Amino acid sequence: MRIIINMATASKHKAHLAASTEETGQEKGVTSPTHHWDAILEARVRRKAQNLQLQRNAELHQRQENEKHSGMLPTMELLNDDWFSSDMTNFESRMYLLEKLLPTLMPGVDSLLTEAEKRKLLEMGSVDTEVAGRKEPRQTFDPLNYLAQYLMRNNPRHCFLNPGGPYAQGLKQVVQELKQGVVDEENNRLAFLKQQIREKREQQNRAEWLQAQVGEWRRNALRAQFSEWLLEPGEGLQLKLVQNTLAAFLEILETDSFLSTQGLKFDQELSDEDQTLQVLQQEQFVEYVLSFISSFPTDIFERFLHHLSLCAQDYRHAHSRKGWKATFSQVFHDCDCGKTGLLDRQRVLVLLETFYNTSTESIRNTLLSPQHWPVREPVDVEFSVESDTEDEVDEIQTPNSSDTEMEAGDSESAGRRNKNVEEEQQIDSPVDPKETVDLVKNELAESTEKNLVVMVNTPNMSFEVGAPSPEPDSEDKDLLSPLDQKSWRETESLSAFNHSTVNETQFLLLLDTFLRDTVTTGTMNRLAGYLREGYKETEQERLDRLERAQREAVLAQWRIAVDELFDKWDNEGSGFLEQEEVERVLNNYKQGAEIAAMKRAWNSLASHTSILSRSQFHSLLQAVISELPPEGGKDSGFHGLLGFLTESVERSLAERTRGSTRRKWLMQIQKAAQAVGTSLEPVYRAVFQCLYKDAETHGNGKNISASLALLEGPDRLRYVACTAEDAPYVLNKELRREDKGVSFAALDQGNPVHIPRVRLHGNVHFWNTSRSESERKGSFLVLPLKDAHGRSFGVIGIDTLRDTQERNIFCRHEIEFYQGVSAVFSSAFQFIVTRRNILRVLDSASYWLHCRVPSMRSLTTYLMETSGQIESSYLLKKMMVLDNTTGHSRLLTRPAPLRRKDHLFRDYLFKCCDSSETLSCMAYGEWHVAVPMRDIDGHALGVMDIVFSHEGAMQPHERKDLQEMVRVTQMACSQLLRESSGMARQTWLLEAEGAGGEKRVGLLFLRFMLQDLRSCMRHLDQRSFAELKSYKEPPNTVLQIVRAVLIMLHPQWVETKETDSWNQCRLKVNSDLIRKVALFDPTAKSVKVDFEKLQQCISGIPRGDVWKHGSVPAEYLYNWVSVCFALLEQTGRVNQGKGDTLCKDIPVNETSRKNEAP
């Protein structure tokens, strides 16, 4: 090929020279003799070259035709044998030519030849020739330009469509053969690495391109989301709102069991700085959000977009609600004619229900009838006590509960929900250490500083009965109240629930539940006018309400004044006053003129102790006021007496300063208890810090040691916490009654024991036996820990054995302060025990609800705690989460705090706590029902967040079960709170409750449920069962219910003729059955039930079928047998040592948690 190209080029060059010579000769007019000879020679050479070219061309065409007809391609051996060589020195060059150059160059040369053949350049000359006396024009074709043009047009970097000819295919086979067989792996490493780098670079470029495309798609999606948040065109979005949305999604990531295992988290931490005023525009919003979620996979990002959309809906909904709140707030003030700040609850609910019933269908679709609210508060949750014996089962009629829904055909007597309960036996033990000391288990804190607490891990502790102590009178129940009892709930103006009245906050919340999202402005205006017209109070009602409000305000002022006087008198914070001192001061009132009245007041008090608690002091002053002559009215007498007592107990400046400082330290113990959830560790730490500070400030710099011991049975004390120096000798040690010591003397007497010189006493137990007799100098003080009933459950020991001062005896004011520390710690301890018990009750309630309401998605329990911040009075701690697989709750070891400013989209939880009212709303695309847990005064102490898929997810029977669960749960929690505050003693109805402690608390919800069902069953008579007995062939639901009841009462009737046929079962449905049901104790040891047979019988009864049947007796019997079965199940777990169903969450790093600084 190279020869052909060179000959053509040479011919062209010679022709050019000849033409130039000819022109020169013509110009000169002279004909050169050699010119003629050159022309003849050139013509001969050209003809010979053309003949050779034609011959070669004919051979090539012939070969191509032969290959075309034979269907064979040029073989690799004929064309490419030269490329196979064992020489490795030029391997890279050959590979470069085979892969980069020849696959493009050879098709170009082939195309060049083809083009030359088309132009017939291979058959005629490329210069002018004379044929038959005429000159033919030359062909203008440049092969170099053509080849360059072909190579540029077929550049493999830009053209992927040219597959190449047979030669190119053969080259690819050669390359493959060289890579696989000819070249050794070691010699080909460089080529392999280059190939890898090239592939990685291509992949990286592709990934960057895809990432850019995905990033642009995400930006566009976020821009579209930004428009959904805008309330007005052109405005921005508050940064705090965006941060709340991100925090809410982070919470979802943490609670999702699948996502939590993947370890997904934001690209950077959310800032805690208050940036409420900062506003983001669209592009700022996009970049800010992407800075947190840019690394999220596509499916999680799409889920985040859905979350953004749901939050935008909630935000727009909340903004739309702000408009009508001002309208209905004015309605409240218009209806409150007496300006008492309260309206009648029942009257408001009746007006709402009447407005719903009298509205058109289109308006009713925008309202939620009070009859269909998820939880409608009962009129009252209090209950009375009634006798319960085999010979006599009394019936005490009580008002209906407003949350009970009855069928139209049900008899009135059978439909009543009675809140009476059976008479319960009181536990005579002075204290139940199981209930109080179980919290100490599995807690350990190591201390490295002097003022830190060291706790004990006691997994095998078994507490039985408390140490005997004198039973105090009922007036002593407030003995453990050394500080002002106004809680932070009251001081922060949180609303208390009242069954008869509503304040403005509660009124607006009721309307928020009544009005749906689709309500129109016209409907709201109509409702506002209807409430103004319909809420009418008579003049007498208005005056009565006003008088009652004024009386309550005066009593509240009196209570505050008496509390201030008590705190001033009790300067050291001991929590009590000396009766002798109080009597001496009162006898000097009016220079002794009212001694007779004072004696009558003391006699009415009937106190048998030498001290007065806060509540006793209140009662004494009320008795004194009532005995004094009414000179100037009752108000004047109170203020006169109060002024006299205030002047009589005036303290010096040094004493007032010392008392104020000590009161602040005692308050730290209370705050620690209110902000630690269910952990005792911070409370122990606060106690020891308080003792150290006082010893250093007011104890002449004493070096003290302290320890805490709790009862473990009647004759054992276990030391659960102590100061760091004594940990090796005291911690986790056990002191028995027969051992030498004075701690049990303090427990038995209920009074402090002070030993000024321990070395001379002879009955002091020294844990550090290595201490010599000469070092056993100092004082020892033992103070009993008492519950609200005055029963001892432990001791605090304080000594000065480490003090090197010569005079280290405790002074009187120090002992009084230490008594205050003991009282405050006892209150804090009981407070935490009660919270833990309430969580156990809620666990039992949630398990029962999980079995009865399958439409419930989740249930989360929150407890209220002080926030410690000025801008917010409280926060919520996420304590428990329902495990849908087991039905029991999971106790979180590190509860996550929720603050209102950081969780705007969970504001419904805070509204529920603010008003202590049940509310329902849409949040994050789900229907949430927030149910408050209330204390004795009606203030919220926590909230249960129950989630359903949508508003209409609950069936009517599920709504009724939810209402029943809420009512019974509140009854059980009220009982626990009354017991812990001293207003009631522990009682038991079931035999298994006698075990006490956590076992009793685990049964408390089911016990109250059974108690309520027994009361309902007592109102059933023969007429109530007439419908059931009238069936010849009853529905299968009725037959299974009656059969399950009979098997429960008579286990020996399983698979006998007594329960096989309906005729036999029907005969046993009579008054005797009611009596047995009212007296049956499923937890008694004498009860032997075939658990599996009973479970099979009950599991075949769908709850929905029972509701649809509409028989009240059948529903009562079904509920009764279900509760009895649950009690059997719980009792079985208790007997197997598995009574604690409240499982703890696994901590992330328990060791680091224990070593944290206080």
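This is a predicted model: local features need pLDDT of at least 70, side-chain atom pairs count only at pLDDT 80 or more; totals for chains, interfaces and linings use all residues.
Local features here need pLDDT of at least 70, side-chain atom pairs count only at pLDDT 80 or more, and totals for chains, interfaces and linings use all residues. Residues are numbered from 1 along each chain as its sequence is written, and side-chain values use heavy atoms, without hydrogens and water.

Reader: At what angle do helix α25 and helix α29 pack?

Author: Helices are DSSP runs (H or I, at least four residues), numbered from the N terminus, as are strands (E, at least two). Axes are lines fitted to C-alpha atoms over the stretch in contact, and angles run from 0 to 180 degrees between N-to-C directions. For α25 (residues 681–697) and α29 (residues 812–852), the axes lie 11 Å apart and the angle is about 170°.

Reader: Which residues of α12 are buried?

Author: Buried means under 20% relative accessible area (1.4 Å probe, protein chains only). The cover over the buried residues of α12 includes β5 (343–344) and α17 (504–514), where contact means heavy atoms within 4.5 Å. The buried residues are R345, V348, L349, L351, L352, E353, F355 and Y356.

Reader: With which side chain does the side chain of D512 make a polar contact?

Author: D512 lies in helix α17 and touches R321, W324 and K911, not counting residues up to four places away in sequence. A polar contact is a pair of N or O atoms within 3.5 Å; within protein, one must be able to donate a hydrogen and the other to accept it, and residues adjacent in sequence count only if both atoms are side-chain atoms. At 2.6 Å, the partner of the D512 side chain is that of R321.

Definitions and conventions. Buried means under 20% relative accessible area, exposed over 50%, partly exposed in between (1.4 Å probe, protein chains only).
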